[in-house]
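Hi everyone, thanks for coming. Let me put the structure up, and then we can walk through some of its contacts together.

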Amino acid sequence: MLAPHKTGETTADFTGKRVLLAEDNALNAEIAVELLQSIGLKVDWAEDGQKAVEMFEKTAPGSYFAVFMDMQMPVMDGVEATRRIRASDRPDHDVPIFAMTANTFAADRKKCYDAGMSGYIPKPIDLETITHVLEEETGE
(Lines give C-alpha, C1' and ligand atoms only; values in the text may rest on other atoms or scores of the structure.)
Protein backbone atom coordinates (compact mmCIF):
# COMPACT_ATOMS: atom_id res chain seq x y z
CA MET A 1 0.00 0.00 0.00
CA LEU A 2 1.23 3.48 -0.82
CA ALA A 3 1.62 6.15 1.82
CA PRO A 4 -1.21 8.66 2.20
CA HIS A 5 -1.14 11.21 -0.61
CA LYS A 6 -0.25 14.78 0.30
CA THR A 7 -2.28 17.57 -1.25
CA GLY A 8 -1.19 21.07 -0.36
CA GLU A 9 -0.94 21.33 3.42
CA THR A 10 -3.24 18.37 4.08
CA THR A 11 -2.47 14.69 4.29
CA ALA A 12 -5.40 12.68 3.03
CA ASP A 13 -5.84 9.52 5.05
CA PHE A 14 -9.22 7.87 4.82
CA THR A 15 -8.09 4.72 6.62
CA GLY A 16 -10.84 2.20 7.14
CA LYS A 17 -13.60 4.15 5.38
CA ARG A 18 -15.62 2.03 2.96
CA VAL A 19 -16.52 3.12 -0.57
CA LEU A 20 -18.49 1.59 -3.40
CA LEU A 21 -16.93 1.59 -6.86
CA ALA A 22 -19.22 1.02 -9.85
CA GLU A 23 -17.06 0.32 -12.93
CA ASP A 24 -17.73 -2.18 -15.73
CA ASN A 25 -14.19 -2.29 -17.13
CA ALA A 26 -12.08 -4.71 -15.07
CA LEU A 27 -8.77 -2.94 -15.81
CA ASN A 28 -10.21 0.47 -14.91
CA ALA A 29 -11.67 -1.05 -11.74
CA GLU A 30 -8.32 -2.56 -10.79
CA ILE A 31 -6.58 0.79 -11.21
CA ALA A 32 -9.29 2.65 -9.28
CA VAL A 33 -9.21 0.10 -6.45
CA GLU A 34 -5.42 0.49 -6.14
CA LEU A 35 -5.68 4.28 -6.05
CA LEU A 36 -8.51 4.26 -3.51
CA GLN A 37 -6.78 1.71 -1.30
CA SER A 38 -3.59 3.77 -1.37
CA ILE A 39 -5.33 6.45 0.73
CA GLY A 40 -6.70 3.88 3.17
CA LEU A 41 -10.14 3.26 1.70
CA LYS A 42 -11.81 -0.15 1.71
CA VAL A 43 -13.40 -0.74 -1.69
CA ASP A 44 -16.43 -2.80 -2.72
CA TRP A 45 -16.62 -3.23 -6.50
CA ALA A 46 -19.80 -3.49 -8.57
CA GLU A 47 -19.48 -4.25 -12.29
CA ASP A 48 -22.59 -2.29 -13.31
CA GLY A 49 -25.07 0.24 -11.99
CA GLN A 50 -27.73 -2.32 -11.10
CA LYS A 51 -25.24 -4.27 -8.99
CA ALA A 52 -24.12 -1.01 -7.33
CA VAL A 53 -27.69 -0.16 -6.35
CA GLU A 54 -28.22 -3.69 -5.01
CA MET A 55 -24.99 -3.58 -3.01
CA PHE A 56 -25.89 -0.17 -1.58
CA GLU A 57 -29.35 -1.39 -0.57
CA LYS A 58 -27.99 -4.56 1.08
CA THR A 59 -25.63 -2.70 3.41
CA ALA A 60 -26.54 -1.09 6.70
CA PRO A 61 -27.25 2.64 6.43
CA GLY A 62 -24.05 4.63 6.71
CA SER A 63 -21.85 1.76 5.53
CA TYR A 64 -20.47 3.71 2.59
CA PHE A 65 -18.39 6.85 3.00
CA ALA A 66 -18.74 7.60 -0.73
CA VAL A 67 -19.66 6.08 -4.10
CA PHE A 68 -17.58 6.32 -7.28
CA MET A 69 -19.87 5.82 -10.27
CA ASP A 70 -18.81 5.16 -13.85
CA MET A 71 -21.26 6.80 -16.22
CA GLN A 72 -21.40 4.28 -19.06
CA MET A 73 -22.08 0.74 -17.89
CA PRO A 74 -24.19 -2.14 -19.16
CA VAL A 75 -27.44 -3.16 -17.44
CA MET A 76 -27.83 0.24 -15.72
CA ASP A 77 -25.72 3.35 -16.30
CA GLY A 78 -24.33 5.56 -13.56
CA VAL A 79 -26.92 8.29 -13.98
CA GLU A 80 -29.85 5.91 -13.41
CA ALA A 81 -28.04 4.15 -10.55
CA THR A 82 -27.48 7.53 -8.89
CA ARG A 83 -31.14 8.48 -9.32
CA ARG A 84 -32.18 5.22 -7.65
CA ILE A 85 -29.85 5.70 -4.71
CA ARG A 86 -31.04 9.30 -4.28
CA ALA A 87 -34.71 8.18 -4.44
CA SER A 88 -34.15 5.59 -1.71
CA ASP A 89 -35.94 5.88 1.63
CA ARG A 90 -32.66 5.14 3.40
CA PRO A 91 -31.28 7.81 5.71
CA ASP A 92 -27.95 7.68 3.83
CA HIS A 93 -29.43 8.31 0.36
CA ASP A 94 -27.41 11.54 0.36
CA VAL A 95 -24.07 9.70 0.43
CA PRO A 96 -21.50 11.53 -1.73
CA ILE A 97 -21.60 10.08 -5.26
CA PHE A 98 -18.85 11.03 -7.69
CA ALA A 99 -19.14 10.56 -11.44
CA MET A 100 -16.13 8.95 -13.11
CA THR A 101 -16.17 9.37 -16.86
CA ALA A 102 -14.19 10.25 -19.96
CA ASN A 103 -17.16 12.38 -21.10
CA THR A 104 -16.17 15.89 -20.11
CA PHE A 105 -18.61 18.04 -22.05
CA ALA A 106 -20.73 20.55 -20.11
CA ALA A 107 -23.88 18.58 -21.01
CA ASP A 108 -22.37 15.44 -19.46
CA ARG A 109 -21.52 17.30 -16.25
CA LYS A 110 -25.04 18.74 -16.12
CA LYS A 111 -26.54 15.28 -16.52
CA CYS A 112 -24.44 14.06 -13.59
CA TYR A 113 -25.41 16.92 -11.31
CA ASP A 114 -29.07 16.73 -12.36
CA ALA A 115 -29.08 13.07 -11.29
CA GLY A 116 -27.85 14.11 -7.85
CA MET A 117 -24.13 13.48 -8.07
CA SER A 118 -21.89 15.34 -5.65
CA GLY A 119 -18.88 15.72 -7.90
CA TYR A 120 -17.20 14.82 -11.13
CA ILE A 121 -13.89 13.01 -11.72
CA PRO A 122 -12.67 12.95 -15.32
CA LYS A 123 -10.91 9.85 -16.63
CA PRO A 124 -8.16 8.95 -16.59
CA ILE A 125 -8.53 9.27 -12.83
CA ASP A 126 -5.64 10.28 -10.62
CA LEU A 127 -5.01 10.28 -6.90
CA GLU A 128 -4.80 14.05 -6.54
CA THR A 129 -8.25 14.56 -8.07
CA ILE A 130 -9.80 11.77 -6.00
CA THR A 131 -8.30 13.16 -2.81
CA HIS A 132 -9.41 16.69 -3.64
CA VAL A 133 -13.05 15.78 -4.31
CA LEU A 134 -13.25 13.60 -1.18
CA GLU A 135 -11.78 16.32 1.03
CA GLU A 136 -13.99 18.98 -0.53
CA GLU A 137 -17.24 17.03 -0.33
CA THR A 138 -16.76 15.23 2.99
CA GLY A 139 -14.69 17.76 4.91
CA GLU A 140 -12.20 15.03 5.84
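Glu 23, Asp 70 and Lys 123 are tied together in a network of salt bridges. By salt bridge I mean a side-chain nitrogen of Lys or Arg within 4 Å of a carboxyl oxygen of Asp or Glu. Across the whole structure, the search turns up seven of them.

A quick word on what you're looking at: this is a predicted model, where local features need pLDDT of at least 70 and side-chain atom pairs count only at pLDDT 80 or more, while totals for chains, interfaces and linings use all residues. Residues are numbered from 1 along each chain as its sequence is written, and side-chain values use heavy atoms, leaving out hydrogens and water.

Now please find helix H3, residues 78–86; helices here are DSSP runs of H or I with at least four residues, strands are E runs of at least two, and both are numbered from the N terminus. Which residues does Glu 80 pair with? One is Arg 83, at 3.7 Å from N to O, and Arg 84 is another, with the closest N and O atoms 3.0 Å apart. Arg 83 sits three residues from Glu 80 and Arg 84 four residues from Glu 80, about one turn of the helix.

Finally, Asp 92 and Arg 90 meet in a salt bridge of 2.8 Å, N to O, and both residues are buried.

Technical notes
Buried means under 20% relative accessible area, exposed over 50%, partly exposed in between (1.4 Å probe, protein chains only).
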